[in-house]
Amino acid sequence: MQSKIKDYTKKNFLNIALTVFIGAVSIWGAFQYYRANRLEVAIENIYEMSFYELVDSVSTLDIKLSKLIVTSSSDESTKLLNQISSQTQSAASSLGALPASHPAVADTMTFINLLGDYSNSLIGDFNEKQTISDENLDNLQKMRSSCQGLLEKLNYMNAGFEYNPKQDYYESNQ
């Protein structure tokens, strides 16, 4: 009889231990799942914030380019060129926080780098000549036009649409 009680106690203990182990593993798994979801939401929020900052930076660049094109003051031109250079760095920082697969990254990075380098070269030229040449004004007009096109694309992406230039219409991303 005692051997049956010992066997029953051993089986009961093993069943209890196995149940506690399975319960602990289940709680740990649920915690890991919850933690992974929280991290996913946090990363998504970072991407969204970076995208909004990017849209704001490109919008600011558009405004600064507009002002630079129409200003006749050499002091204002220098100030605007420096602001454009600084704003391109801000936009590049926002782009750096987005995943490389994001549709806004490739075209925008190329444009931002080009505009930043161009404004820095104009600062050097402007300090020597105190004027922006007609050729440079034409280039600035083209860059502003590109900036406006890029801003339009970014705003459509922000609204949940993706520009499809081959079909010349906007498709919903949702």
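Beyond residues up to four places away in sequence, S57 touches Q87, S90 and A91, a contact meaning heavy atoms within 4.5 Å. S57 sits in helix 1 and counts as buried because its relative accessibility is 2%; buried here means under 20% relative accessible area, exposed over 50%, and partly exposed in between, with a 1.4 Å probe and protein chains only. The model is a predicted one, in which local features need pLDDT of at least 70 and side-chain atom pairs count only at pLDDT 80 or more, while totals for chains, interfaces and linings use all residues. Residues are numbered from 1 along each chain as its sequence is written, and side-chain values use heavy atoms, with hydrogens and water left out.

Along the sequence, the protein runs α-α-α-α-β-β, giving 4 helices and 2 strands. These elements are DSSP runs numbered from the N terminus, with helices (H or I) of at least four residues and strands (E) of at least two. Of the protein's 174 residues, 26% are buried. The accessible surface amounts to about 11,700 Å², 55% of it belonging to carbon and sulfur atoms, as given by the Shrake-Rupley method with a 1.4 Å probe. Among contacts between residues at least 6 apart in sequence, 64% join residues at least 24 apart.

The largest nonpolar core holds 31 residues, of which L54, V58, L140 and L154 touch the most other members. Helix 1 (2-70), helix 2 (74-96), helix 3 (105-129) and helix 4 (134-158) each contribute at least two residues to this core. Such a core is a set of buried Ala, Val, Leu, Ile, Met, Phe, Trp, Tyr and Cys residues joined through side-chain atoms within 4.5 Å. Leaving aside residues up to four places away in sequence, L54 touches A91, S94, L95, L98, A104, T108 and L154.

An α-helix has 3.6 residues a turn, so residues three or four places apart point the same way. Helix 4 has 25 residues and spans 35 Å from its first C-alpha to its last, close to the expected 36 Å, which is 1.5 Å times one less than the number of residues.

Mean pLDDT, the predictor's confidence in each residue from 0 to 100, is 84 for the protein, with 86% of residues reaching 70 or more. Among the elements, helix 2 has the highest mean (91) and strand 2 (residues 169-172) the lowest (40). Over residues 165-174, pLDDT stays under 50, and the model has 20 contacts beyond four places in sequence for them. Where pLDDT is low, the predicted coordinates should not be read in detail.
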